[in-house]
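This report describes one protein chain, from its overall composition down to single residues. The sequence and structure are shown below.

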Amino acid sequence: MKNFRLGTNYKLIDEQKKAVKRLSSNILSGVKYQVLVGVTGSGKTFTIANVIEKLNMPTLILSHNKTLAAQLYQEFRDFFPGNAVSYFVSYYDYYQPEAYIPSTDTYIEKDSDINELIDKLRLNTTANLLSRNDVIVVASVSCIYNIGSPNEYEKFTLELEIGSSLSRENLIEKLISLQYERNDFDFKRGTFRIRGENIDIFPAYKDDAIRIRLSRNQVECLEVFDPISGQVDQKKSQGLTKMVLYPAKHFIADPERLDTALRQIENDLEARVSEFMSQGKYLEAQRISQRVKYDLEMIREIGYVKGIENYSRYFDGRKAGEAPFTLLDYFNKSFSDKWLLVVDESHITFPQVRGMYAGDISRKKTLIDYGFRLPAALDNRPLTFDEFLRRIPRFIATSATPDEWELSMAKKEGVVEQLVRPTGIPDPIVEIRPTSNQVTDVIEEIKKTAKKGQRTLVTTLTKRMAEELSKFLQEKGIVVNYLHSDIETLERSTILDDLRRGKYDVIVGVNLLREGLDLPEVSLVVIMDADKEGFLRSKVSLIQTMGRAARHLEGRVILYADTITKSMREALEEIERRRKYQISYNRLHKITPTSIVKPIREKLVEDDVSLQASSNVVVNSFLDVDVSSLTPGEKRKLLSRLQKEMKVAASNLEFELAIEIRETLKRIKESL
C-alpha cells in the first residue's frame, strides 16, 4: 500500500531524477550509507521527498539546529499534506541545567521555561509513531536524548470505543494515571474537566479537545470540539466510534513496576549513604538522603516529580550504563529496520551528535560526587555516537560540503552528486578586495544592492564585530539587524523572514548565515576578513557562506582579504568547478537561468518579537524596583519584560543574573 504521496506541482529535472533513482536503488539493493552531495539551491529537499515517496518508507530527518529544522518541517509539510509530518526539537525557551560549582559551593537548581506548543509537537510525534505508518519526523539532535521507554509509553494508552464499559470513576482514575490533571476552570493541554455525565479531555498533543459522554457506565458518544469556543466539529466527530488517548508526558511511572523500582532506589540510596559515610563525607550523605527521600515521597503520592528523568533507568528496567530510550527507539519499535534517516548538513550534524555525550557526563558526574544525585542519573543521558549508529538501519547524508567521515562510510557506490540547480542559476561570481577601507566599501555595496530591491548578508568573525558593525551601518542610514547564537531560535526565523520581506536591507552575522538558509532575495554576500584561517574561514565554511548568493540571478560574493589562503583557494576552485558545470548543463539543455520566487511561509510557532536582537541590555535597574508602588497593569508589563530578560541572561550563561531576575518575577507574581 502506498502511504506517502507528494502533493506538489514541482517536477524533477534530469539531474534530480538520476539522484532519486540512484539513492532509491542503492537502498533497495542493501547499501546502508549514502551521501547526496548537492550544491546550494539544487533542490536536495525535493529530491529526498521523492526518495521517501518512491521507497514508501517512514523517515527521520535530522538537522543540527532548530531554525533549519523548522524550515525543513514546513517544506515537508507542504510536500506531504496528507501524511503525518512531525516536528521534534528541544522544548525549552529558557533552560538552566542542574549543576554544582565546587569552587564556590554554588548549587544551581534546574529551572526551565517550556514552550507549550513545541511540547505539543513532541508528544504528537510519538503518538504518530505508535499509531501511523506514514510518518516523517523532522528533528534536532535533541532526539538522541532520553525520553523514556516506548513500551511503557504505549502501555499507558486509553482506548475509548462507543458501547464499551467504562465508569466515570474508572475513567478519571485512568486519566490521572496518564498524567492528565483535572481542572474545571482553566481548560488547557494536558487537562480534563467534568460537566455532568460529560468528561472533556484536552489531549497534550492535539489542537482539538475530546468530549466523552457516559451513560450507565458505558461510552455513549465521542465528539471532537474546539477547546476555546466549545463548538463541536461535526466533520471530525461524524463516524467517530473509537479513539486512543496517549499520555500527557513522556516519562510515566508504571504502577506494576513502581514498587520494585522504588525498592531499588532505596537500596541504592542506602549504599550511597554508606559509601559517603565511610569516606567521611557527612554533608554529601545528608544531601543525597534528603533529596532522594523527598523524590520518593512525591513519586508515591502523585506518580511524578521534577527531575524524574534522573530515575528513568529504574522505571525502564535498564541496567547501569545501558543506553537510554530515545526517539530512535520509537522508530525501531514501530518499523523495525524499515525506516530511513536523512542527515541534513551532515558535515555539522554528525559532529554535533558525536559531541553530546561528553558534555552531559561531565556536569552529571559533579552532581553525583557531591551528593546531589544518585549514580543512576548518569543513565539519563544522550546516546554515544556508537549507540546512535547501532540504532539506525541506514542513512542518506546531505550536504554541499560533506565531511571525510560520511564519504568514507558511503564509499564510492554510495556517493551521489547533484550539482545542477533547477533554476539554472550558476554559482555566484566571486571578487576579492583588500581589507583596507572594507567597511566604507561594504556600505556602498549595500546601498547599491538595496536600490535594486535586493538584500545583503555580511559575515564577521565575532559577535562583537557583528553588533558594532550593525550599529555603525545603522548610523549611516542603513536598515540593518544582526544574528548570532544569543538570539532566540524563533526570533532568528522572524529576523530572516523580515529580511525577505524588505524590512531590513542587510543582516550581519557570524556563522548563522551558512548552512541551509533559504533566502532567494539575497544577491550579495560579503565575507569580512576572509583570509583569517580557521573554522569560520575554512574551505567548508567559505563554500557554504558563498552559497547563500546562489539563489539569485545576480548573485555575487565579495571576499575582503589581503592574502589568498589555502582554504580560500580550495573554496574558489570548487565554486568555479560547480559554476562551469551548471553553465555547461544550461547550454546543453537550453536553459535560461531565472531567480527563485518563494513564498514566505507562516510561522511554525507564534513568537513575541518585541525583544529584538539589540536588547542585550542591563536589567539590574528592574531588580531593585519597589513592587508595592506599582499598579497591577505596570506589574504585568514588568513581568513580561523580565521574563524576556531572564531568557537573554540564561542564553548568555549569566546564570546568577537569571536567578536574580527569577526571584524578582516570583515577588511580582505573589503580589498579583
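## Overall composition

Of the 672 residues in the protein, 55% are buried. The model is predicted, and its secondary structure comprises 22 helices and 24 strands. Among contacts between residues at least 6 apart in sequence, 76% join residues at least 24 apart.

## Helix α1

Helix α1 covers residues 14-28, which is 15 residues. The distance from its first C-alpha to its last is 21 Å, close to the 21 Å expected at 1.5 Å a residue. Just after α1 comes Gly30, with a positive phi of about 100°.

The buried residues of α1 are Glu15, Gln16, Ala19, Val20, Leu23, Ser24, Asn26 and Ile27. They cover an arc of only 160° around the axis, and therefore lie on the same side of α1. Lys18, Lys21 and Leu28 are exposed, on the face of α1 turned away from its buried side. The cover over the buried residues of α1 includes strands β1 (33-38), β16 (340-344), β17 (395-399) and β18 (415-418), together with helices α2 (44-55) and α19 (566-589).

## Helix α9

Helix α9 runs over residues 282-302 and has 21 residues. At 1.5 Å a residue it should span 30 Å, and its end C-alpha atoms are 31 Å apart, which agrees. The residue Gly303 follows α9 and has a positive phi, near 75°.

Buried positions in α9 are Glu284, Ala285, Arg287, Ile288, Ser289, Val292, Asp295, Leu296 and Ile299. The elements covering these buried residues include β5 (99-101), α8 (255-278), α10 and α12 (346-369).

## Cavities

The structure holds 6 cavities of 30 Å³ or more. The second largest cavity has a volume of about 100 Å³. Its lining consists of 12 residues, of which Gly148, His250, Phe251, Ile252 and Asp316 are the closest to the centre.

Two elements give two or more residues to the lining of this second largest cavity: α5 (150-155) and α10 (312-316). The largest share, 3 residues, comes from α10. By type, the lining residues of the second largest cavity divide into 6 nonpolar, 4 polar and 2 charged.

## Buried residues in detail

Ala261 is found in helix α8. Its relative accessible area is 0%, so Ala261 is buried. Leaving aside neighbours within four places in sequence, Ala261 is in contact with Tyr314 and Phe315. The C-alpha atoms of Ala261 and Tyr311 are separated by 8.9 Å, although these residues are 50 residues apart along the chain.

Tyr246 lies in the loop between β15 (242-245) and α8. With 7% relative accessibility, Tyr246 counts as buried. Not counting residues up to four places away in sequence, Tyr246 touches Ala127, Leu130, Ser131, Tyr153, Phe156, Thr157, Tyr180 and Tyr205. The C-alpha atoms of Tyr246 and Pro203 are separated by 7.7 Å, and the two residues are 43 residues apart along the chain.

Gln438 is found in helix α15, which covers residues 438-451. The relative accessibility of Gln438 is 12%; because the cut-off for buried is under 20%, Gln438 counts as buried. Its contacts, leaving aside neighbours within four places in sequence, are with Met528, Asp529 and Tyr560.

## The loop between β13 and β14

Arg216 is in the loop between β13 (209-215) and β14 (218-225). Asn217 is placed in the loop between β13 and β14 as well. Phi of Arg216 is near 55°, a positive value in a residue other than glycine. For Asn217, also a residue other than glycine, phi is positive and near 60°.

Accessibility has been computed for both residues. Arg216 has a relative accessible area of 80% and is exposed. Asn217, at 47% relative accessibility, counts as partly exposed, because exposed requires over 50%.

Notes:
Residues numbered from 1 in each chain as written. Predicted model: local features only at pLDDT ≥ 70, side-chain atom pairs only at ≥ 80, totals over all residues. Heavy atoms only, no water. 1 Å grid on protein atoms, 1.4 Å probe; cavity = no way out; pocket = protein on both sides within 12 Å on 5 of 7 lines; lining within 4 Å. Points joined across faces, edges and corners; volume = space filled by probe spheres on them. Helix = DSSP H or I, 4+ residues; strand = E, 2+ residues; numbered from the N terminus. Nonpolar A, V, L, I, M, F, W, Y, C, P; charged D, E, K, R; others polar. Expected span 1.5 Å × (residues − 1). Buried < 20%, exposed > 50% of the residue type's maximum accessible area, 1.4 Å probe, protein only. Arc of directions from axis to C-beta. Contact = heavy atoms within 4.5 Å.
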